Amino acid sequence: MSEIKVTVPATSANLGPGFDCLGTALTLYNQFTFSSIEPAEVETEMKIAVTGVEAQKLSTNKSNLLYQSFTKLYQYLGKKPPHVQIEIHLGFPLARGLGSSATAIVGGLVGANQLAGNPLSTQELIKLAIAIEGHPDNVVPALLGNCQLSVGQDENWQFCQIDWHENIIPVVAIPDFELSTEEARSVLPDKVSRSEAIYNVSRLGLLLQALQNDRGDWLQIAMEDKLHQPYRQTLIKGYEVVKSAAISSGAYGMVISGAGPTLLALTNLTQAEVVTHSMKEAWKTQGVEAKVISLRVDTQGTKTLQIQA
Ligand code: HSE
């Protein structure tokens, strides 16, 4: 029997103006263990056990996204998936805008690829992951680590790692309510004006320079956005109050993490603790309990460990 352990980082997509193209990996992790088993050892072809944060919410049947992604890789190879036993350990909650779906997609593909003897390259895995998720900004940093800009041209993708200065600290405020990506995408308009496009293009350019050069003064305007946040913030109770609290306690800016409802502030080492405290307290005044943590950018991406039993 061979056992594969796959560790995949959480991700924060968009970072304000980088809607559907920019995202960073964070130092929070989900862990997936795959053990191939002989058909005679189990009645069904798969068995899933889940532990960790909000473990009871995850389905353990064939609709499980990790298992679906696992089988997709075998379909892609034109092979029958092996019987498998999967252990999932969740390090952060689902449906909060921290890329839990991306960890399942990447984890399932990478676990299957390892069990199959690594027939696919990282580039091929990324393409498959993007096709499953529908957008690249969570799955790419989840697989590669760091902050990644993804640019698609027809079927081809270019990925560009964005330097993130170590003085810039991401603080995530994770509320006790969920928001599905589907709902958060359904409120977005299909068309934007030229002035809105210019607003975002200019800020995205500035954001990349600000992250690289530790320019808090640039971050103050570069994290603003006109493509998704104005529509989504209405779905997040207390958004304005938490944003004011974060900024008045020393954050350069605050954005919706991915599709929300988690809110992400960027600050510096000196202010990180006070920003963390004030975001938590601000959300409490709105009747929302939140877990607020100061993190780092994950630089390793998905890690695998193979254990031969
Ligand atoms: N870019 C995607 C969105 C991320 O904002 O809808 C979803 O996790």
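On a 1 Å grid over the protein atoms alone, a pocket is an open set of points where a 1.4 Å probe fits, with protein on both sides within 12 Å along at least five of seven lines, whereas a cavity is a set from which the probe cannot get out; lining residues have an atom within 4 Å of a point. Grid points are joined across faces, edges and corners, and the volume is the space filled by probe spheres set on them. The model is predicted: local features need pLDDT of at least 70 and side-chain atom pairs pLDDT 80 or more, while totals for chains, interfaces and linings use all residues. Residues are numbered from 1 along each chain as its sequence is written, and side-chain values use heavy atoms, with hydrogens and water left out.

The largest pocket has a volume of about 560 Å³. It is lined by 39 residues, of which Ala 95, Gly 99, Ser 100, Ser 101 and Ala 102 are the closest to its centre. The elements that give two or more residues to this lining are tabulated here; helices (H or I, at least four residues) and strands (E, at least two) are DSSP runs, numbered from the N terminus.

| Element | Residues |
|---|---|
| strand E2 | 22-36 |
| helix H1 | 65-77 |
| strand E4 | 84-90 |
| helix H2 | 100-115 |
| helix H5 | 181-186 |

H2 gives the largest share, five residues. By class the lining has 17 nonpolar, 15 polar and seven charged residues, where Ala, Val, Leu, Ile, Met, Phe, Trp, Tyr, Cys and Pro count as nonpolar, Asp, Glu, Lys and Arg as charged, and the others, Gly among them, as polar.

The pocket lies between domain 1 (2-162 + 297-308) and domain 2 (168-294), because both give residues to its lining. Domain bounds come from an automatic or database domain assignment. The C-alpha centres of the two domains lie 25 Å apart. Their contact (heavy atoms within 4.5 Å) takes 27 residues from domain 1 and 35 residues from domain 2.

Three salt bridges are counted between the domains, each a side-chain nitrogen of Lys or Arg within 4 Å of a carboxyl oxygen of Asp or Glu. Arg 185 and Asp 20 form a salt bridge through their side chains (2.7 Å, N to O).

Gly 260 and Pro 261 are joined by a cis peptide bond, with omega about 5 degrees.
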